[in-house]
Amino acid sequence: MLKNYLKTALRGLWKNKSFSAINIAGLAAGLSVCLLIVLYVTDELSYDRYNTKAERIYRANADIFFNNTKFNAATSPRPLAAVLAKDYPQIEQVTRVSPFAGNILVKKGKENIQEHSAAQVDSNFFKVFTIPMLYGDPATALSSPDAIVIDETAAKKYLNRIDVVGQTLMIDNTTPCLITGVIKDIPAPSHFHFSFIRRLRSYNPNEDNDWLSNGCITYILAKPGVTKASLQGCVDQTIHTYLYKQLEQVAHTTVKDMQQGGSHFNYPLMAVTDIHLHSDKLFELEANSDITYVYIFSVIAGLILVIACVNFMNLSTARSANRAKEVGIRKVAGSLRSNLILQFLTESILVSFVSMLLAFGLAALFLPMFDRLSGKQLQVETLLSFRFLSTSFLLMVLVGFLAGCYPAFYLSSFQPIQVLKGRVASGFKSSWLRSSLVVFQFSISIALIVGTLVIYNQLDYIRNKKTGFSREQVLVLHNAYHLGNQIHSFRQEVAGLPGVAGATITSSLPTSEPNSHNQNGWFRDASLDGKSILILNHFIVDESYIPTLKIEIAQGKNFSTDFKADSNDVILNEAAARLLGVKDPLNMTLYRPNYRSADNVHAIPYHIVGIVKDFNFSTMHDKIGPLVMEYGQDWGNIAVSVNPRNVSSLVDQIGSKWKSMAPGQPFSYTFMDADFEKLYHTDQRTGKLFITFAVFAILIACLGLFGLVTYAAEQRTKEIGIRKVLGAPVSSIVVMLSSDFARLVLIAALIAFPLAGWAMNSWLQSFAYRISLGWWAFVAAGLITMAIALLTVSLQTIRAALANPVKSLKSE
């Protein structure tokens with residue numbers, strides 16, 4: 001029986017080649033997009049699950065709100081790990097990672113190479129995380145302070161082989177490190193990737209007793225059976241016992257009083273498997289993604305698949321008149337309705353099977369392009385894995401069943417007497433459900449077009465919005481500390497080059513990753529009363545910073561090297577000035593505690609000498625926060641404002657000076673406008689993916705619309721012939737055939753507009769600075785969809801209208 005069903009299905013598909021081609025093409029396109037999105041979502045959800053103990057690993061995050069300022073970071077106090085490991089038997093291991101040790105120099109021959117994937121960790125790091133060690137002993141690899149563990153890629157890069165335990169690498173041009181282990185490359189779905197791992201160091205003897213600075217990322221491995229709530233209780237108790245005590249000593253008030261004022265000092269735990277999709281805090285080891293995008297793309301995959309299934313249902317029911325006699329004759333011959341249902345379902349599943357085969361080919365073909373768009377490293381082999389193939393098989397059967405279910409029950413319900421008398425309604429107007437499905441398809445398409453327009457314009461707004469500083473033609477030289485004591489001579493020589501407008505030495509640039517900006521506590525009075533504390537973003541800059549970046553001074557003056565007192569001067573932005581709550585903050589004094597003085601704690605005064613206008617030193621996702629700029633030395637980068645007419649020549653000249661003053665040190669630079677674009681790389685990548693998926697959805701919907709118009713025109717062939725014989729012009733026939741579809745697109749627009757408006761308004765809320773959701777996006781989306789739909793319809797209706805009426809009427 002099954003063999004007969006298959007033969008009949010194949011014969012039917014071959015007989016109606018155009019119908020079959022449209023159905024298979026639509027389903028294949030929808031399934032291929034769905035497969036790619038499933039690969040993306042699966043990869044996003046798999047982060048950090050390579051760890052065999054992943055379900056028991058947690059990270060302690062800082063969640064602090066104090067005097068209307070907040071501090072959310074992936075870090076916690078350095079002493080937390082030791083106390084937790086000592087006092088709580090339900091904890092198996094606690095290990096720390098420094099978020100500030102990612103960049104090192106590695107010597108290769110006579111050249112120093114800058115590496116950005118270094119880490120300093122506790123010696124028990126490999127007892128918490130599952131990172132296979134190819135050579136060496138993970139238990140002792142980090143027992144020595146001069147030991148280093150590298151991954152296999154680094155081993156091949158620097159020593160041309162991987163069995164390199166016992167060899168030495170020169171780090172930062174000063175420290176010879178003994179290679180004690182070689183690990184496998186950390187898998188791509190991980191929230192950190194380290195190629196050079198050394199033991200965590202203390203640079204100040206008081207650091208390990210300082211509970212008020214959040215200097216380390218702390219990971220806790222719970223023993224089997226210990227719940228997250230129980231573990232959180234251990235952390236909370238430790239914070240109450242140690243941090244609160246030190247905080248009260250410094251703030252001269254009780255934590256209870258601070259909490260009554262709305263402040264809190266929490267360290268909530270986050271499962272390591274949640275970090276990639278649910279964490280966007282200060283001092284993340286790498287940029288994370290967002291669970292929202294997983295939801296969005298999952299919904300888009302489902303919608304595209306539904307559009308493809310709707311195409312199949314519409315085209316199958318539209319051909320009802322063509323297959324009515326077949327059903328009638330089969331029933332007269334004794335065929336049961338259940339047999340007919342199985343026959344039609346076999347056809348739909350066969351179409352789904354062929355479509356799935358094509359979808360796999362298309363997915364494999366477009367995977368490299370999809371990788372570039374999504375920033376992933378997905379492999380074709382994943383498509384051929386047993387798990388993915390079995391899931392795809394189930395999806396194929398499900399799609400075949402869902403797409404063929406309604407046509408099967410609809411066609412098999414025909415009564416043979418009515419059919420053989422020719423009383424079965426046919427044509428496009430005969431099915432309200434088919435019209436509803438077309439409306440559903442184009443509602444989705446219009447909503448996606450609205451989303452595409454809004455996303456594109458928001459990203460364009462970000463690119464062109466005035467940020468309060470100049471980022472055009474600003475050259476950023478990285479790792480300026482390699483210049484050593486010659487850094488100021490270098491800056492002066494560069495600033496004196498023709499075509500250079502200014503140069504500044506600082507690590508605090510507006511286009512740096514927002515997660516790298518420091519925040520510190522500042523006090524309004526010398527008593528360091530906790531009620532007067534302000535948590536401010538903190539930049540260390542020189543006197544050239546403001547003029548080089550063309551930041552506008554609203555009040556007061558810039559820093560000047562003419563006055564020695566400038567070493568304790570600060571400049572605030574307008575947001576910080578507003579936070580002070582006074583009309584004229586100039587010449588006021590702020591205080592910072594010095595925890596390491598002989599008398600334990602004393603207040604250091606800082607004089608406010610200027611106020612600059614607010615500028616975006618974080619991304620447009622965040623409102624401009626309070627900022628204090630301190631005059632001082634911070635040798636991370638040198639920003640150089642250059643003339644746009646001779647950039648390449650200036651870069652060569654600056655590079656030559658670098659090589660003469662820092663021989664053997666890498667000359668690394670970027671342009672600030674490129675760094676600015678990089679801040680929104682995830683948003684831009686998401687926008688491109690969204691646009692790509694929207695185009696696919698529209699194409700698939702139009703493919704189905706083309707098929708519907710084709711059958712509608714075929715069913716009205718004689719009507720068109722009679723109208724032409726009676727003198728109807730081609731234009732009136734085209735309008736007649738197109739009007740029904742145009743009406744459906746208008747209805748779809750009315751449904752899509754409020755849904756798209758709600759969705760995009762929710763998305764825009766993630767930006768502190770955003771476009772207004774104007775009417776133009778909705779009108780444009782409606783017009784674009786109408787134009788595409790009418791163009792699709794016109795291709796077939798014009799052909800039908802131009803057909804010779806003699807051919808359609810010769811059988812009458």
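**Figure 1. Surroundings of S190 in the predicted model.** In this predicted model, S190 touches Y47, D48, Y50 and E286, when residues up to four places away in sequence are not counted. S190 itself is found in the loop between β11 (175–183) and β12, and the side chain of S190 reaches the backbone oxygen of F192 at 2.8 Å. With a relative accessible area of 1%, S190 is buried, because a residue counts as buried when its relative accessible area is under 20%.

**Figure 2. Strand β7 and its pairing with strand β12.** Strand β7 covers residues 118–121, and from this strand A118 and Q120 point one way whereas A119 and V121 point the other way, with all of these residues buried. β7 pairs with strand β12 (residues 196–199) in the parallel sense, and four bridges make up this pairing. Within the pair of strands, the residue of β12 that stands opposite A118 is F196.

**Figure 3. Strand β21 and its antiparallel partner β24.** Strand β21 (residues 569–573) is mostly covered, since five of its five residues are buried. The side that holds D569, I571 and N573 points one way from β21, while V570 and L572 point the other way, and all of them are buried. β21 and strand β24 (residues 627–631) run antiparallel and are joined by three bridges, and in this arrangement L572 stands opposite V628 of β24.

**Figure 4. A nonpolar patch that includes V354.** On the surface, F353, V354, L357 and L358 form a nonpolar patch, and together these residues have about 340 Å² of accessible area. One of them, V354, is found in helix α11, which covers residues 337–374. The relative accessible area of V354 is 30%, and V354 is therefore partly exposed.

Figure 5. Side chains of opposite charge can pair when their charged atoms come close. The structure holds 16 salt bridges, and two of them are presented in this view. In one, R49 forms a salt bridge with E55, and the closest N and O atoms are 3.2 Å apart. R49 is partly exposed, with a relative accessible area of 44%, whereas E55, at 56% relative accessibility, counts as exposed. In the other, the side chains of D87 and K86 meet in a salt bridge with an N to O distance of 2.8 Å. Here D87 is partly exposed, with a relative accessible area of 34%, and K86 is exposed, with a relative accessible area of 64%.

Figure 6. E552 forms a salt bridge with K613, in which the closest N and O atoms are 3.5 Å apart. This pair links distant parts of the chain, for E552 lies in the loop between α17 (545–548) and β20 (553–556), K613 lies in the loop between β23 (600–612) and β24, and the two residues are 61 residues apart. Both partners are partly exposed: E552 has 46% relative accessibility, and K613 has a relative accessible area of 36%.

Methods:
Residues are numbered from 1 along each chain as its sequence is written. This is a predicted model: local features need pLDDT of at least 70, side-chain atom pairs count only at pLDDT 80 or more; totals for chains, interfaces and linings use all residues. Side-chain values use heavy atoms; hydrogens and water are left out. Buried means under 20% relative accessible area, exposed over 50%, partly exposed in between (1.4 Å probe, protein chains only). Two strands pair if DSSP finds at least two bridges between them. Patches are made of residues with over 30% relative accessible area and no salt bridge: like charges are joined within 9 Å, nonpolar side chains (Val, Leu, Ile, Met, Phe, Trp, Tyr) within 5 Å. Accessible areas come from the Shrake-Rupley method with a 1.4 Å probe; for residues, only the protein chains shown count as cover. A salt bridge is a side-chain nitrogen of Lys or Arg within 4 Å of a carboxyl oxygen of Asp or Glu. A polar contact is a pair of N or O atoms within 3.5 Å; within protein, one must be able to donate a hydrogen and the other to accept it, and residues adjacent in sequence count only if both atoms are side-chain atoms. Contact means heavy atoms within 4.5 Å.
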